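Hello,

Here is the structure I promised to pass on to you. Have a look at it first, and then read on for my notes.

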Amino acid sequence: MSENSVQFITISPEEEGQRLDNFLMKWGKGVPKSHIYRIIRSGEIRINKKRADVTSRIVAGDIIRIPPIRVASPESPAVVSAVSIQNADKMVQNLPILYEDDALLIVNKPSGIAVHGGSGISLGLIEALRMAKPELKFLELVHRLDRDTSGILMLAKKRSALTILHEDIRNGNMDKRYIFVAHGSFSEGLGHIPLKYPLHKYILANGERRVRVEDFGQASHTVIKFLSQAHGGKCFVGEAQLRTGRTHQIRVHLQHHGYPILGDDKYGVLELDKAVKAKRLMLHAYKLAITHPLTKEKLNISAPAPEGFEIHHGK
């Protein structure tokens, strides 16, 4: 058994639209449903400091207060163990910090590290950072990156900064760009190509999340740009600019358009990956332009592609 302190969780754009009870059941795997319903009905769960109903729909930017909950799990230790703390320290020890002040922490996340725990992952980057930086009273993800996507990840140290940044995301006032390597011989010119395929999230029988293009899906917009050829013209390097922030958006948009990203174990082509010996998901968040939520300073953050990304920029 482990007992958590009061937690404040900020809802991301990807989580928007869920019923409160469904969200809490996913968040608190191992917590009995009866307990989830009891703490909602008793008023211990709050959304933006107000009582909430079981059927309340959560919206991006909502702040959910969750009281201390005792969770029984055969995989959970009785207390936060020394091993957990050691693993957390190891995870963040060499984490490149791209920008930090009293309100923001922006890091260059390596591929293969989940941003948060869950779905069989006991320790994500956000949990590791909280354990490694116990002096921080507040630390929340501003946005997310897929586990195998590397690059710029932004966290907020103040709730006021988080709220403003989430509003900037909703209003399109944040420029996030990714660099990728995709299969296919690109022949659509050198301009910017808009991909506006609507996306629908669904769950596989084993519980894994997937996304596909469906007419009834959420409106989604990615802009891609050709940068250079790769692997003898069989692949190409491109830039993707997010205009919306849906789950797996870049990966699914490119796959549907005929350009699966190298090393994508969910939406890629294994045979093609083997042919070019792709060793990781070739997607990296490398540029971010924002207005600082508190100082209003313009920030331009960059994270060079990691070693082994095999990118050769072309004119």
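In which loop is His221 found? His221 sits in the loop that runs between strand S14 (209–213) and strand S15 (222–230). Please keep in mind as you read that this is a predicted model.

Let me stay with His221 for a moment. Its relative accessibility is 17%, and buried means under 20%, so His221 counts as buried. Apart from neighbours within four places in sequence, His221 is in contact with Pro194, Leu195 and Lys196, with Gln241, Leu242, Arg243 and Thr244, and with Gln249 and His253.

Gln249 and His253 are among the buried residues of H6, together with Ile250, Arg251, Val252 and Leu254. H6 covers residues 249–256, and six of its eight residues are buried, so the rest of the structure largely encloses this helix. Just after H6 comes Gly258, which takes a positive phi of about 100°.

Now for the chain as a whole. It contains seven helices and 18 strands. Of its 315 residues, 45% count as buried. If you take the contacts with a separation of 6 or more, 64% of them are between residues 24 or more positions apart.

In helix H2 (residues 33–41), the residues Ile36, Ile39 and Ile40 are buried. These three cover an arc of only 105° around the axis, which means that they lie on the same side of H2. The exposed residues Ser34 and Arg41 are carried on the face of H2 turned away from its buried side. What do the buried residues of H2 pack against? Their partner is helix H1 (20–27). After H2 comes Gly43, with a positive phi near 90°.

How do the two helices meet? Two packed helices are described by the angle between their axes and by the distance between those axes. Here the axes of H1 and H2 come within 10 Å and cross at roughly 130°. That angle makes H1 oblique to H2. The crossing of the two helices, H1 and H2, is right-handed. On the H1 side, the residues involved are Leu20, Asp21, Leu24 and Met25, and they meet Lys33, Ile36, Tyr37 and Ile40 of H2. By class, this contact of H1 with H2 has six nonpolar residues, two charged residues and no polar ones.

In the loop between strand S2 (7–10) and H1 you will find Arg19. Arg19 has a relative accessible area of 26%, so it is partly exposed. Leaving out neighbours within four places in sequence, Arg19 is in contact with Val54, Thr55, Ser56 and Arg57. Val59 is 40 residues away from Arg19 in sequence, while their C-alpha atoms are 9.8 Å apart in space.

Helix H4 (residues 125–132) has Leu125, Ile126, Ala128 and Leu129 as its buried residues. Seen down the axis of H4, these fall within an arc of 160°, so they line one face of the helix.

Enjoy looking around, and do write back with any questions.

Best wishes

Note on methods
Residues numbered from 1 in each chain as written. Predicted model: local features only at pLDDT ≥ 70, side-chain atom pairs only at ≥ 80, totals over all residues. Heavy atoms only, no water. Buried < 20%, exposed > 50% of the residue type's maximum accessible area, 1.4 Å probe, protein only. Helix = DSSP H or I, 4+ residues; strand = E, 2+ residues; numbered from the N terminus. Arc of directions from axis to C-beta. Contact = heavy atoms within 4.5 Å. Axes fitted to C-alpha atoms, helices over the stretch in contact; angles between N-to-C directions. Parallel < 35°, antiparallel > 145°, perpendicular 65-115°, else oblique. Left-handed = near helix turned anticlockwise from the far one by under 90°. Nonpolar A, V, L, I, M, F, W, Y, C, P; charged D, E, K, R; others polar.
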